[in-house]
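Take a look at the structure below.

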Amino acid sequence: MHSIRLISSGIALALCLAAGTQAADAPYRVAVASDGIQRVTIVGGSYFFKPDHIVVKAGTPVELVLRVERGIVPHRFVLDLPSDQVAIDTQLGEEPRVFRFTPGTPGRYPYYCPNRLLFFDSHRDKGMAGMLEVVE
Ligand SMILES: [Cu+2]
């Protein structure tokens, strides 16, 4: 029992370190569809977002489809954008939810699940975090 606890906290720490330095997966470059929209789906689960590093073009509309894997732990999706844009903060459901916005300022914008249970680490600290990279 003790060793299992140690292993799982080690994994959580590794995920933490990965999230702190760079995203674990290769960046996912979103293609521009024939209708001129950059469509991408992000799936959340305990405790990850896939993909966790998305690259989009500035000035081109983005359609973000958000959903969560089946499970009992409630998750949220927060995307911090510059102050001239509306940030996204939504509960995640198994039914996909669609958000549209046009990224303006190039930069790196974090997305994450801020949920936490009592004094435990937040889901973000457990690895439920990613980055939207806006490029010219
Ligand atoms: Cu969560």
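## Rings, metal, core and charges

Phe120 is partly exposed, at 41% relative accessible area. Here buried means under 20% relative accessible area, exposed over 50%, and partly exposed in between, with a 1.4 Å probe and protein chains only. Phe119 is exposed, at 69%. The rings of Phe119 and Phe120 have centres 4.8 Å apart and planes at 25°, so the pair is stacked. Rings of Phe, Tyr and Trp (its six-membered ring) pair if their centres lie within 6.5 Å; planes under 30 degrees apart are stacked, over 60 edge-to-face, and the rest tilted.

The model is predicted: local features need pLDDT of at least 70, side-chain atom pairs count only at pLDDT 80 or more, and totals for chains, interfaces and linings use all residues. Residues are numbered from 1 along each chain as its sequence is written, and side-chain values use heavy atoms, leaving out hydrogens and water.

The whole structure holds 4 aromatic pairs. Ring pairs also link Phe49, Phe77 and Tyr111 into a cluster. Charges meet rings too. The charged end of Arg124 sits over the ring of Tyr112, 3.7 Å from its centre. Lys126 lies over the face of Tyr47, 4.4 Å from the ring centre. The test for this asks for NZ of Lys or CZ of Arg within 6 Å of the ring centre and within 35 degrees of the ring normal.

**The copper site.** Which protein atoms are donors of the copper ion? They are His75 (ND1), Cys113 (SG) and His123 (ND1), lying 1.9 to 2.2 Å from the ion. Donors are N, O and S atoms within 2.8 Å of the metal (3.2 Å for Na, K and Ca); water is not among the atoms, so sites may look incomplete. Along the chain, the donors follow the spacing H-x37-C-x9-H. His75 is in the loop between strand 5 and strand 6, and His123 in the loop between strand 9 and strand 10, 48 residues apart. Strands (E, at least two residues) are DSSP runs, numbered from the N terminus. His75 is buried at 2% relative accessibility, and His123 is buried at 6%.

**The core.** The largest nonpolar core has 23 residues, and Phe77, Leu79 and Leu132 touch the most other members. Such a core is a set of buried Ala, Val, Leu, Ile, Met, Phe, Trp, Tyr and Cys residues joined through side-chain atoms within 4.5 Å. Strand 5 gives the largest share, 4 residues. Leu79 touches residues including Ala87, Phe101, Tyr109 and Leu132, leaving aside those up to four places away in sequence. Contact means heavy atoms within 4.5 Å.

**Salt bridges.** The structure holds 6 of them. Each is a side-chain nitrogen of Lys or Arg within 4 Å of a carboxyl oxygen of Asp or Glu.

| Pair | Closest N and O atoms |
|---|---|
| Glu63 and Arg100 | 2.9 Å |
| Arg70 and Glu94 | 3.5 Å |
| Arg108 and Glu133 | 3.6 Å |

Arg108 lies in strand 9 and Glu133 in strand 10, 25 residues apart. Arg108 is exposed at 53%, whereas Glu133 is buried at 17%. Salt bridges that share partners join Asp35, Arg39, Glu63 and Arg100 into one network. Within it, Glu63 is buried at 10%, while Arg100 is exposed at 61%.
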